[in-house]
Amino acid sequence: MDRIVVTGNGPLSGQIPIAGAKNACLTLMPATLLSDEPLTLTNAPRLSDIRTMTTLLQSLGAEVSALNDGRVLALSSHGLDNHTADYDIVRKMRASILVLGPMLAREGHAVVSLPGGCAIGARPVDLHLKALEAMGAELDLREGYVHARAPSGLKGAIVDFPMVSVGATENALMAATLAKGTTVLKNAAREPEIVDLARCLRAMGAAIEGEGTGEITIEGVDRLHGATHPVVIDRIELGTYMLAPAIAGGSVELLGGQMSLIGAFVEKLEEAGVSVSETQAGLRVERKNGRVKAVDVATAPFPGFPTDLQAQMMALLCFADGVSVLEERIFENRFMHAPELMRMGARIDVHGGTAKVTGVETLKGAPVMATDLRASVSLILAGLAAKGETVVNRVYHLDRGYERVEEKLSAVGAKIERVQGDD
Ligand code: EPZ
């Protein structure tokens with residue numbers, strides 16, 4: 001398995017381009033199942049998760065081709081010949097559950113493996129299933145698969161989510177576009193990826209209002225047509241790379257960065273003493289000498305502080321002057337980066353969903369282990385400012401969500417390289 005070797009190398013300078021959003025693309029791609037006309041996605045990120053979703057859609061009989069070196073995805077599903085999403089693919093990527101809503105809405109039946117848990121938590125899909133049942137789906141859970149049927153089609157319904165769920169909102173939103181009548185999603189997720197999905201569905205002919213607020217109203221239509229849609233930029237990749245100059249010092253411009261996508265995160269960065277400014281081409285982040293200040297962080301659904309930036313923010317706070325408290329309120333087990341950061345000398349006390357970080361002047365490079373996508377990149381960020389060499393193993397987690405991380409960071413002066421694994 002490949003590993004990444006980072007050596008602390010002083011302040012950074014230059015530009016980092018931000019790619020299209022993984023978590024937008026993973027819900028935009030299944031939208032092709034709603035129409036028999038072609039869907040083209042531009043500004044697509046080149047990630048292993050995208051390749052996994054491609055394999056899944058192809059296994060259902062959809063055509064998916066990656067053009068322009070993977071930056072454009074041409075999808076079409078006029079000839080679905082299989083309605084079962086197999087456990088072998090679904091277990092590798094939980095977002096596979098997002099084929100359930102669209103396939104059921106258009107085809108009237110779907111069999112999708114339950115995704116199972118993952119490193120950061122049990123991650124049930126009960127809210128996805130309850131929403132589809134409210135819209136008239138008959139669901140049967142057998143041998144780890146959801147067997148869903150809607151022989152006379154789905155019907156509009158009022159779906160009141162007991163808790164905010166990004167994926168359940170996306171599944172219900174896609175299904176509702178072809179349901180008979182009006183659907184109202186209450187306590188819906190407000191993430192930019194939901195707004196991006198609604199924009200794409202509207203371009204395909206869907207009647208949707210309210211995306212980005214907690215209440216989305218969808219008037220079902222008989223069919224959707226094809227469209228071409230640009231994937232919104234990745235706010236989590238953006239936030240991740242904004243932390244590189246915050247941790248290592250220096251000044252870096254993030255090309256394509258938009259303040260509106262990461263308001264709560266920018267507020268915390270500025271509270272810690274990092275400067276963020278808008279430029280013609282995106283956002284500039286600067287940290288002159290002197291340690292950042294300790295800040296308290298609690299994760300929340302958008303527009304709150306993103307859980308997907310919690311691990312990366314912890315890496316910054318390991319160097320802060322003072323004690324910070326991080327509360328992870330979305331997932332039950334998302335501090336697995338903490339013991340790895342402690343191997344580098346960080347002082348972190350974890351109790352349940354709360355981590356207390358006592359900042360130290362320096363960390364020391366060490367061999368560390370990646371456990372999930374965002375934890376792995378937080379170890380690389382810490383390595384940028386640690387003394388000596390940090391070796392991050394199991395980087396296949398990283399490649400799920402970050403395109404060519406070593407190239408993007410080397411381009412701004414980081415000493416980082418990928419070493420081919422011999423095992
Ligand atoms: C999406 O996951 C993202 N993944 C996650 O990003 C992100 O962390 C998460 O939203 C929260 O923002 C994709 O978009 C592909 P949820 P999702 O449903 O949809 C519980 C990354 O690193 N829940 O909003 O699975 C769930 O257990 C990944 O890119 C239920 O109880 O997240 C969690 O505690 C990690 N029942 C909370 O809700 C359900 O039916 C939020 O989950 C669904 C969710």
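Predicted model: local features only at pLDDT ≥ 70, side-chain atom pairs only at ≥ 80, totals over all residues.
Me: Ground rules: axes are lines fitted to C-alpha atoms, for helices over the stretch in contact, and angles run from 0 to 180 degrees between N-to-C directions. At what angle do α6 and α7 pack?

Reply: Helix α6 (residues 166–176) and helix α7 (residues 192–203) pack at about 10 degrees. Their axes are 10 Å apart. So α6 is roughly parallel to α7, a label for angles under 35 degrees. Helices here are DSSP runs of H or I with at least four residues, strands are E runs with at least two, and both are numbered from the N terminus.

Me: Which residues of α6 and α7 meet?

Reply: From α6, V166, T169, E170, L173 and M174. They meet E193, I194, L197, A198 and L201 in α7. Contact means heavy atoms within 4.5 Å.

Me: New topic, the ligand. Which residues come nearest?

Reply: D126, L127, D308, I330 and R374, out of 22 residues around the ligand. To count, a residue needs a heavy atom within 4 Å.

Me: What is the distance from the side chain of K22 to a ligand oxygen?

Reply: An N or O atom in the K22 side chain is 2.9 Å from an oxygen atom of the ligand. For S165, the side-chain N or O atom is 2.7 Å from a ligand oxygen. D308 has a polar side-chain atom 2.6 Å from an oxygen atom of the ligand.

Me: On to sheets. What is the strand order in the one with β18?

Reply: β18-β19-β21-β20, an open sheet of four strands with mixed pairing. Strands pair if DSSP finds at least two bridges between them.

Me: Why do β18 and β20 each have a side without a neighbour?

Reply: β18 (297–298) and β20 (347–351) are edge strands with a single partner each, so one side of each has no neighbour in the sheet. Helix α10 (residues 310–317) packs on this sheet and touches β18, β19, β20 and β21. Its direction makes about 170 degrees with that of β19.

Me: How do β19 and β21 pair?

Reply: Antiparallel, over five bridges, with β19 at residues 323–327 and β21 at 354–358. L326 faces A355 in β21.

Me: And what is the order in the sheet with β22?

Reply: β22-β23-β1-β24, open, four strands, mixed pairing. The edges are β22 (367–369) and β24 (415–419), each pairing on one side only. Neighbouring strands are turned by 20 degrees on average, direction ignored. β22 and β23 (residues 389–393) run parallel, joined by three bridges. P367 stands opposite V391 in β23.

Me: Where is N68?

Reply: In the loop between β4 (63–67) and β5 (72–76).

Definitions and conventions: Residues numbered from 1 in each chain as written. Heavy atoms only, no water. Parallel < 35°, antiparallel > 145°, perpendicular 65-115°, else oblique. Polar contact = N/O pair within 3.5 Å; in protein donor to acceptor, adjacent residues only side chain to side chain.
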